[in-house]
Amino acid sequence: MGIFSKRGKNREVRAAEIADQVADGKGFYGRATRAFLGKEDFAKVQQTIGAYKSGQDVRQLLAMGAPTIRAVVVSIGDTGRLVNFDPVVDLVLQPSGTTDRITLQTVVSKLRIPRTGDQVLLIADPARPGGYLYAGDGLTP
């Protein structure tokens with residue numbers, strides 16, 4: 001076992017742990033990020049990490065076969081933030097068959113940004129009863 005041997009966790013697992021610390025404001029990385037950024041910018045970082053995590057949750061739910069709900073995009077707004085060069089947007093959606101409107105902040109693919117009037121898919125959020133997660137347009141995996 002040399003200096004550069006692979007011990008412990010792989011990069012992805014370690015990166016996810018650091019992101020969790022930053023999002024929670026705990027641990028060395030979380031406290032340092034909160035101290036250097038200030039309250040407003042730290043809140044933006046937390047929202048962006050939350051949007052990224054919801055994308056991971058959606059992929060897992062789709063893989064398990066969770067039912068989806070169709071919705072129409074009423075409006076879309078740019079937050080000015082990016083996650084892996086994909087934009088974080090504010091979506092106002094109207095599920096099919098209802099007059100209710102749902103507001104979500106989520107990461108969308110820069111290649112498939114939804115437009116007003118487009119149909120998209122939603123998945124019920126198991127962490128928030130009555131809440132939804134953006135599941136894309138249903139055309140791309």
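**Figure 1. The open sheet of 5 strands has the order β3-β2-β1-β4-β5, with antiparallel pairing.** The edge strands are β3 and β5 (132-134), each of which pairs on one side only. From one strand to the next, the twist averages 45 degrees. Two strands are taken to pair if DSSP finds at least two bridges between them. Helices (H or I, at least four residues) and strands (E, at least two) are DSSP runs, numbered from the N terminus. The model is predicted: local features need pLDDT of at least 70, side-chain atom pairs count only at pLDDT 80 or more, and totals for chains, interfaces and linings use all residues. Residues are numbered from 1 along each chain as its sequence is written, and side-chain values use heavy atoms, with hydrogens and water left out.

**Figure 2. The protein as a whole comprises 3 helices and 5 strands.** Along the sequence these elements follow the pattern α-α-α-β-β-β-β-β. The C-alpha trace spans about 60 × 35 × 30 Å along its principal axes. Of the 141 residues, 27% count as buried; the term buried denotes under 20% relative accessible area, exposed over 50%, and partly exposed in between (1.4 Å probe, protein chains only). Among contacts between residues at least 6 apart in sequence, 45% join residues at least 24 apart, a contact being heavy atoms within 4.5 Å.

**Figure 3. Strands β1 and β2 form a hairpin with 2 residues between them.** Strand β1 (residues 68-83) pairs with strand β2 (residues 86-95) in the antiparallel sense over 10 bridges. Phi of N84 is near 50 degrees, a positive value in a residue other than glycine. F85, likewise not a glycine, has a positive phi of about 70 degrees. Relative accessibility is 60% for N84, which therefore counts as exposed, and 64% for F85, which is therefore exposed.

**Figure 4. Strand β2 continues the sheet towards strand β3 (residues 102-107) through 6 bridges, the two running antiparallel.** V88 has V107 in β3 as its bridge partner. The hairpin of β2 and β3 has 6 residues between the strands, and G97 in this hairpin takes a positive phi near 80 degrees.

**Figure 5. On its other pairing, strand β1 meets strand β4 (residues 119-124) in the antiparallel sense over 5 bridges.** T68 stands opposite I123 in β4. Helix α3 packs on the sheet, touching β1, β2, β3, β4 and β5, and its direction makes about 145 degrees with that of β1. Such angles run from 0 to 180 degrees between N-to-C directions, and axes are lines fitted to C-alpha atoms, for helices over the stretch in contact.

**Figure 6. V58 is a residue of helix α3 that touches I123, L133, Y134 and A135, not counting residues up to four places away in sequence.** At 5% relative accessibility, V58 counts as buried. V58 and I123 are 65 residues apart in sequence, yet 7.3 Å apart in space from C-alpha to C-alpha.

**Figure 7. The axes of helix α2 (residues 27-37) and helix α3 (residues 39-63) come within 7 Å and cross at roughly 135 degrees.** The two helices are therefore oblique to each other; angles under 35 degrees count as roughly parallel, over 145 as roughly antiparallel, 65 to 115 as roughly perpendicular and the rest as oblique. On the α2 side, G30, T33, R34 and L37 meet K39, D41, F42 and V45 of α3. R34 also lies over the face of F42, at 6.0 Å from the ring centre. The criterion places NZ of Lys or CZ of Arg within 6 Å of the ring centre and within 35 degrees of the ring normal.

**Figure 8. The aromatic pairs in the model come to a count of 1.** The ring centres of F28 and Y29 are 5.4 Å apart and the planes stand at 75 degrees, so the pair is edge-to-face. Rings of Phe, Tyr and Trp (its six-membered ring) pair if their centres lie within 6.5 Å; planes under 30 degrees apart count as stacked, over 60 as edge-to-face and the rest as tilted. F28 has 58% relative accessibility and so counts as exposed, whereas Y29, at 34%, counts as partly exposed.
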